[in-house]
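Work through the two exercises below with the model on screen. Each task is followed by a solution in steps.

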Amino acid sequence: MFRLQPPLPDDYSRATADDLHRRVVSARSRLGRRLVILGHHYQREEVIQFADKRGDSFGLSRFAAEQREAEFVVFCGVHFMAESADILTGPHQQVILPDLNAGCSMADMADLDGVEQIWDELAEVTDIEGIVPITYMNSAAALKAFVGRNSGSVCTSANARPVLRWALGLDANGKAGASAPAPRAASGRRRVRDKVLFFPDQHLGRNTGFQLGYDAADMQVVDPRRRLGGLQDAEVKEATLLLWKGHCSVHQRFQTSHVEAFRSEHPGGIVIVHPECSHEVVEIADEVGSTDYIIDAIAAAPAGSVIAVGTEIHLVERLAREHPDKTVVSLDPIVCPCSTMFRIDLPHLAWVLEGLLEGEVRNRIVVDEGTAADARVALERMLAIA
Ligand code: 13P
Ligand code: SF4
């Protein structure tokens with residue numbers, strides 16, 4: 001979604017890095033406990049060094065929900081993360097995104113109109129009360145609200161498995177029928193919920209489905225540009241996982257040929273990838289997990305390990321620096337940063353912090369209360385499951 005971030009005043013765009021650094025240090029100390037800065041692992045070094053809390057999207061949303069004291073939460077990440085923080089923080093708190101153009105191209109692949117359209121079309125061919133909508137954290141607040149209204153949940157890459165288990169009533173072994181009793185329908189009867197509509201990332205949905213023991217025949221891709229997602233009625237009826245046709249352009253770049261090339265150069269090497277990578281890559285990787293998982297896995301690897309990581313380059317380079325006793329490289333030698341995470345830089349951080357000192361809240365992210373109330377249901381459900 002296009003949002004307009006006006007160019008910064010010259011005082012910021014022309015300032016030296018040293019000057020901006022000094023100004024951020026000073027603003028931060030003057031704001032004291034009124035301010036909390038959150039930093040996603042994909043942020044640049046010049047920014048993440050100022051984060052009071054670093055984390056993946058799940059860790060940061062949980063942390064945001066716990067911050068009751070700070071008046072201002074500056075979210076160094078992307079738009080959907082700042083929206084989630086606004087939903088989970090109190091009315092006395094204001095969430096700020098230093099650059100409004102820091103969106104997420106994957107999140108933009110699903111919007112409320114598109115999801116409602118597909119939902120209505122699905123209702124024409126199957127019992128819609130049997131479908132649980134699950135939205136990945138990487139989605140607009142309006143979609144989280146849709147999910148909240150329809151008895152679904154948000155998930156992140158760190159908790160997609162328990163959330164899908166909950167949705168499909170699977171026990172820890174992946175068998176049906178145990179854990180989550182489905183909500184009651186208006187009639188008071190328990191609904192039988194045996195399908196999930198998962199959006200917007202088909203890869204996270206598919207990889208999690210395979211981890212839970214489903215196979216390709218249980219999954220169908222829903223193309224939002226085609227009627228009924230381009231599916232036949234029977235395909236909808238027989239599927240368990242309906243996967244929205246969305247992807248992350250950063251993670252979709254990783255190919256099986258990268259894994260093969262790394263393994264031929266480093267036969268004892270370890271490959272760790274994020275679950276937004278394609279299933280073909282995940283299938284032959286040694287480990288798969290969220291950004292927090294990747295960080296822990298590298299910390300736990302023995303000294304001397306050679307590890308190729310399939311995720312955003314800022315995190316990979318940081319891990320390489322933090323573990324000089326191990327060799328940590330990008331799985332794809334042609335480096336590709338997340339261009340929207342990259343938008344948050346020192347000039348923008350200094351600009352929003354100095355605005356606060358001047359009594360001006362710049363780039364506040366506000367989710368309207370109607371949307372926030374429904375989205376909160378879906379987010380809190382996720383926090384309760386995981
Ligand atoms: P995490 O859930 O691992 O933080 O990932 C978010 C994301 O945008 C990955 O591309
Ligand atoms: Fe979105 Fe991909 Fe960037 Fe993550 S890495 S914020 S999914 S575009």
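**Exercise 1: the ligand site**

An oxygen atom of ligand 1 lies 2.9 Å from an N or O atom in the side chain of Glu276, which is a polar contact (a pair of N or O atoms within 3.5 Å). The model is predicted, with local features needing pLDDT of at least 70 and side-chain atom pairs pLDDT 80 or more, while totals for chains, interfaces and linings use all residues. Residues are numbered from 1 along each chain as written, chains are lettered from A and ligands numbered from 1 in written order, and side-chain values use heavy atoms, without hydrogens and water.

Task: find how the protein covers ligand 1 and which classes of residue form the shell around ligand 1.

Step 1. The protein covers 96% of the 300 Å² of accessible area (Shrake-Rupley, 1.4 Å probe) that ligand 1 has on its own.

Step 2. The shell (residues with a heavy atom within 4 Å) has one nonpolar, eight polar and two charged residues.

Step 3. Among the surrounding residues are His40, Asp56 and Asn138. A polar side-chain atom of Ser157 is 2.9 Å from an oxygen atom of ligand 1, and for the side chain of His274 the distance from an N or O atom to a ligand oxygen is 3.0 Å.

**Exercise 2: strand E12**

Task: is strand E12 (residues 306-310) mostly covered or exposed, and which strands pair with E12?

Step 1. E12 pairs in the parallel sense with E10 over four bridges and with E13 over four bridges; pairing takes at least two DSSP bridges.

Terms used
Polar contact = N/O pair within 3.5 Å; in protein donor to acceptor, adjacent residues only side chain to side chain. Nonpolar A, V, L, I, M, F, W, Y, C, P; charged D, E, K, R; others polar. Helix = DSSP H or I, 4+ residues; strand = E, 2+ residues; numbered from the N terminus.
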